[in-house]
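Please read the model below with its geometry in mind.

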Amino acid sequence: MPIWVAVLLGAVQGLAEFLPISSSGHLALMQALVDFESYNVDAVAFDLVLHLGTLVAVVIAFWEDVKTLVLSFFRWVGDGFRVKNIPARRLIVLLLIATVPLVPGALLESYVERAFDSTLFVGIALCFTAVMLWVACRHTGGKKTEADAKYSDGLKVGLMQLIALFPGVSRSGSTICGGLFCGFKKDFAVRFGFLMSIPAVCGAAVFQLPDLAEAGLGGGMLLPCVVGFLTSAVCGYLAIFTVRLLVKHDTFRWFAVYCLAVGLITIFLNLI
């Protein structure tokens, strides 16, 4: 696979993973555009490498949160799993509850894989993302944080993440919008949505590691994978910084317009 393709796909994954425009949808469209199958590369394995790059971006961008959560987790276990209304422990429980819907989501794997092969489906899903973002723009959010958010709120946001398994539905957009709909404070909605990606990507990595091991990194794949990983991580970090800045200025509506435009163009091209 040419290095420029690895850079292009890594940039698309990194930017679209955190900008509310659907990384899976854009990755599927871009792979179709560059005729990715002709390079005889294991798409699942390469996608996993790109997702690991965005995982690194989240950990770096939210390092203080990640460090606090890890330390709080061990203290929580040592304290007999008593939450005691401690914000950091409540955040751990919220994240765990939000991840639960992904477990039955494994039953949708065959449907999700088929959706990746249909650019028409991706176009329709992008239009859905546009509507969701536009509605969210009319919600100013609330005042809830990890200190007072209900555990049921975590489940609701988790269900939004479950929908985002399908290409064209933005994971970051779905979770941030879900948080806003639940009355989360804007910056907490963004932080919670991005932190949710850590267990999601780690869980996916565990299931997909056999594919990566089977595909291997031989045959000239090592360099493209390294380049794709680094590009995805750098672009992902820049996208996180951008979203945290934009959410304060209610500019998600432009992402809604973008998703609608790309979705309609994709649908049109499929119909003709």
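What follows is a walk through selected local features.

The model is predicted: local features need pLDDT of at least 70, side-chain atom pairs count only at pLDDT 80 or more, and totals for chains, interfaces and linings use all residues. Residues are numbered from 1 along each chain as its sequence is written, and side-chain values use heavy atoms, with hydrogens and water left out.

Start with the second largest pocket. On a 1 Å grid over the protein atoms alone, a pocket is an open set of points where a 1.4 Å probe fits, with protein on both sides within 12 Å along at least five of seven lines; lining residues have an atom within 4 Å of a point. Grid points are joined across faces, edges and corners, and a volume is the space filled by probe spheres set on the points. The second largest pocket holds about 280 Å³. Its lining consists of Val66, Leu69, Val70, Phe73, Ile92, Leu95, Leu96, Thr99, Leu195, Ile198 and Pro199. Two or more of these residues come from each of α4 (63-78), α5 (87-99) and α10 (186-215), where helices are DSSP runs (H or I, at least four residues) numbered from the N terminus. By class, the lining has ten nonpolar residues, one polar and no charged; Ala, Val, Leu, Ile, Met, Phe, Trp, Tyr, Cys and Pro count as nonpolar, Asp, Glu, Lys and Arg as charged, and the others, Gly among them, as polar.

Leu95, one of the lining residues, lies in helix α5. Leu95 is buried, at a relative accessible area of 10%, given that buried means under 20%, exposed over 50% and partly exposed in between (1.4 Å probe, protein chains only). Between Leu95 and Gly78 there are 17 residues of sequence separation and 19 Å from C-alpha to C-alpha.

Next come the aromatic rings. Rings of Phe, Tyr and Trp (its six-membered ring) pair if their centres lie within 6.5 Å; planes under 30 degrees apart count as stacked, over 60 as edge-to-face and the rest as tilted. This rule gives nine aromatic pairs. Phe184 and Phe192 are edge-to-face, because their planes stand at 90°, with ring centres 5.8 Å apart. Phe188 and Phe192 form a tilted pair, with 5.7 Å between centres and 35° between planes. These two residues are four apart in helix α10, about one turn of the helix. Phe184 is buried at 0% relative accessibility, and Phe188 and Phe192 are buried as well.

Ring pairs also link Phe73, Phe74, Trp76 and Phe81 into a cluster. Phe81 sits in the loop between α4 and α5, is partly exposed at 48% relative accessibility, and has a positive phi near 60° although it is a residue other than glycine. Ser22, in the loop between α1 (3-18) and α2 (23-33), also is not a glycine and has a positive phi of about 75°. Ser22 is buried at 1% relative accessibility.

What of the cysteines? There are zero disulfides in the structure, a disulfide being a pair of cysteine sulfur atoms within 2.5 Å. For Cys127, the nearest cysteine sulfur belongs to Cys259, 9.0 Å away. Cys127 is buried at 14% relative accessible area, and Cys177 is buried at 0%.
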